Amino acid sequence: MTTATKPSLLLVEDDVVLGPLIAELLEPDYQVHVAVDGHEGLHRGLSRIWDVMVVDRRLPGMDGVALIAALRSRGIATPILILTALGATEEKVRGLDAGANDYMTKPFDLLELGARLRALTRSYQQEVKTFSIGDWELDPSSRSVRSIHGFRTSLTAKESELLTTMAAQPDHVFTREELINATFSQGELPGVIDTYVHHLRRKISRSIVRTVHGVGYQIGDAND
């Protein structure tokens, strides 16, 4: 979760008039970032931790249902609201089955949209959990890890995001490219992951992250 005063919101909307208008309407309550197609929405959705997302159903490149399914398949649990002109029941079912948490049709009432987004973010904040890694507990909300002996280590935002990404899928071996897409901006070199893994091992434990030779990294057991 973001530590900023206002929660972060990713708006994926290709309409050049409606997108900026929705962003302007929501900006008093959210830090709004806009993506204008499905591929940009996927990149931005994987590039940082968001508090909530609003996704149009019809998008160029990758439609909203495919975008949401792709985010969910990569372990992104951020609440997502579909905002679209497609109001048929079967369209709502497709969106919700893909992983959306809520569905609104255009034209929409701003007060209702605000209420639904507040409900989604409250629910998400209540569900944010800690992760057990051997004798350590990772708390993404405070960006820290604590040992069973009471020792606490603070993490930078990127260290916390990197560790959380791996801890959320402990059985998955991540390639460097997957970790870059999940935690860094486009254009970063794969070596940045090695640097951050080195920092985490020095701060916490050499076994906090396990190297899988020829593939990448996996969360460790941190018992060393």
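Biologist: What should I know about the model before we start?

Modeller: This is a predicted model, in which local features need pLDDT of at least 70 and side-chain atom pairs count only at pLDDT 80 or more, while totals for chains, interfaces and linings use all residues. Residues are numbered from 1 along each chain as its sequence is written, and side-chain values use heavy atoms, with hydrogens and water left out.

Biologist: In which order do the strands of the open sheet come?

Modeller: The order is β6-β7-β8-β9, with antiparallel pairing; strands are DSSP runs of E with at least two residues, helices are runs of H or I with at least four, and both are numbered from the N terminus. Two strands pair if DSSP finds at least two bridges between them. The edge strands, each pairing on one side only, are β6 (131–133) and β9 (152–154).

Biologist: How many bridges join β7 to β8?

Modeller: Four bridges join β7 (residues 136–139) to β8 (residues 144–147), with E137 opposite R146 and L138 partnered by V145. These two strands form a hairpin with four residues between them, and R143 in that turn has a positive phi of about 50°.

Biologist: And what about β8 and β9?

Modeller: Three bridges join that antiparallel pair, and the partner of R146 in β9 is R152. Their hairpin also has four residues between the strands, with G150 at a positive phi near 95°.

Biologist: Which strands does helix α6 lie across?

Modeller: Helix α6 (residues 157–167) lies across β6, β7 and β8, and runs at about 85° to β6. The angle is taken between N-to-C directions, on a scale from 0 to 180 degrees, using lines fitted to C-alpha atoms, for helices over the stretch in contact, where contact means heavy atoms within 4.5 Å.

Biologist: Switching topic, how many salt bridges does the structure hold?

Modeller: There are ten, a salt bridge being a side-chain nitrogen of Lys or Arg within 4 Å of a carboxyl oxygen of Asp or Glu. One of them pairs K106 with D56 at 3.5 Å, N to O, and these residues sit in separate loops, 50 residues apart.

Biologist: Is D56 buried or exposed?

Modeller: D56 is buried, because its relative accessible area is 7% and buried means under 20%, exposed over 50% and partly exposed in between, with a 1.4 Å probe and protein chains only.
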